[in-house]
Amino acid sequence: MASQDLSTSLGALELRSPLVAASGTVGSVWEWAETCDVSLYGAAVAKSVSPEPWEGRPPPRLAPTSTGMLNGIGIQNPGISRWVDEMQPRLRSLGVPVWGSAVAHDASGFGVVAKELESAGVAAVEVNLSCPNLDDGVMFSFDPNLVSSVVSTVTSTVELPVGAKLSPNTPDIVAAAIAAWEAGAAFLVLTNTAFGLALDLEKRSPVLSGGVGGYSGPGLKPISLRCVYEVARALPEIPIVGCGGISTGRDIIEYVMAGASAVAAGTVHLAEPRAGKRILGELKTELAAMGVSRLDALIGAAVKP
Ligand SMILES: Cc1cc2nc3c(=O)[nH]c(=O)nc-3n(C[C@H](O)[C@H](O)[C@H](O)COP(=O)(O)O)c2cc1C
């Protein structure tokens, strides 16, 4: 079969590839971009950045598990001002569209960060409504009113497409999705990490300094896939980036069939920074075996009304 067309779109946002590098898992993007063929990716998402610098949590902040990992970093970041100083000169020469990721303690803080990200030249803004590692923070994703408040603040502040990143622990993921969509989100990212725990038997205490952390990797896939499926079934018009446990080409097909128009891979990059080439090669092999020439023909194929 002639080579397949993997291009896709999230509303008006065109992607040359369905594969996005997930926030926080490719460092500050530019170092990673120097080491692998980023032209294979549709976009790379920078680590979430807040209005002021955040220290994050003390170590230990990472814990491996048999089916993925836990992180409790707490969004350590230099604050938007230093982020812009460091990233702006590099953004346009990385060979991959960069999406910024905003995090804050309130809606106006998200707006401040989003505006700076837009001025710096990112291609889209994700709002991280779902970080599980903020001791004093709000899990915006859990409350549709908060989702609406943050997303409408950001969409009224920037012209760029805005993506809302939700938590797989959200009690009513469809209600949160509707709130984001009605507030003007251009797409959803489903999902961030899930709450998880690892214990140190010697110390008789949690491994992570923060106790509960964010679980990611292959074990997250069925949970995030369920979120994509439920939202796509309720709201087929909302563009979705599926995210959680993607490490093979087959995983991409599952997410697309569940209703995602693109996917973001995270944890796989920590062990295999150049994973994109392998994953997309596998995707093409799978599509050829299926006799499918356009990936986007499969979007929502498994979604039953
Ligand atoms: C070490 C680490 C750091 C992360 N940092 C962020 C972050 O800053 N902002 C964000 O929205 N998600 C962050 N995430 C979540 C990922 O972007 C992704 O949503 C999650 O890991 C699920 O995908 P995966 O199973 O492919 O890793 C982080 C994940 C990991 C493992």
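The face of helix 2 that points away from its buried side carries Arg-82, Asp-85 and Pro-89 as exposed residues; exposed denotes over 50% relative accessible area, buried under 20%, and partly exposed the range in between (1.4 Å probe, protein chains only). The model is predicted: local features need pLDDT of at least 70, side-chain atom pairs count only at pLDDT 80 or more, and totals for chains, interfaces and linings use all residues. Residues are numbered from 1 along each chain as its sequence is written, and side-chain values use heavy atoms, with hydrogens and water left out.

Helices (H or I, at least four residues) and strands (E, at least two) are DSSP runs numbered from the N terminus. In helix 2 (residues 80–91), the buried residues are Ile-80, Trp-83, Val-84, Met-87 and Leu-91. They cover an arc of only 100° around the axis, which puts them on the same side of helix 2; the arc is that of the directions from the helix axis to the C-beta atoms.

Helix 9 (residues 275–290) has 16 residues and spans 23 Å from its first C-alpha to its last, close to the 22 Å expected at 1.5 Å a residue, where the expected span is 1.5 Å times one less than the number of residues. Its buried residues fall within an arc of 120° when seen down the axis, so they line one face of helix 9. Gly-291, with a positive phi near 70°, follows helix 9.

| Helix | Buried residues | Cover includes |
|---|---|---|
| Helix 2 | Ile-80, Trp-83, Val-84, Met-87, Leu-91 | helix 1 (30–33), strand 7 (98–102), helix 3 (107–120) |
| Helix 9 | Ala-275, Gly-276, Ile-279, Leu-280, Leu-283, Leu-287 | strand 3 (19–21), helix 7 (249–257), helix 8 (268–271) |

On the other side of helix 9, the exposed residues are Lys-277, Thr-285 and Ala-289.

Helix 7 packs against helix 9 at an angle of about 65°, and their axes are 7 Å apart. Axes are lines fitted to C-alpha atoms, for helices over the stretch in contact, and angles run from 0 to 180 degrees between N-to-C directions. Among the residues that meet are Ile-252 and Ile-253 of helix 7 and Leu-283 and Leu-287 of helix 9.

An open sheet of 4 strands has the order 5-6-14-11 and antiparallel pairing; two strands pair if DSSP finds at least two bridges between them. Strand 5 (62–65) and strand 11 (194–196) are the edge strands, each pairing on one side only. Strand 5 is joined to strand 6 (residues 68–71) by 4 bridges, and Leu-62 has Asn-71 as its bridge partner in strand 6.

Terms used
Contact = heavy atoms within 4.5 Å.
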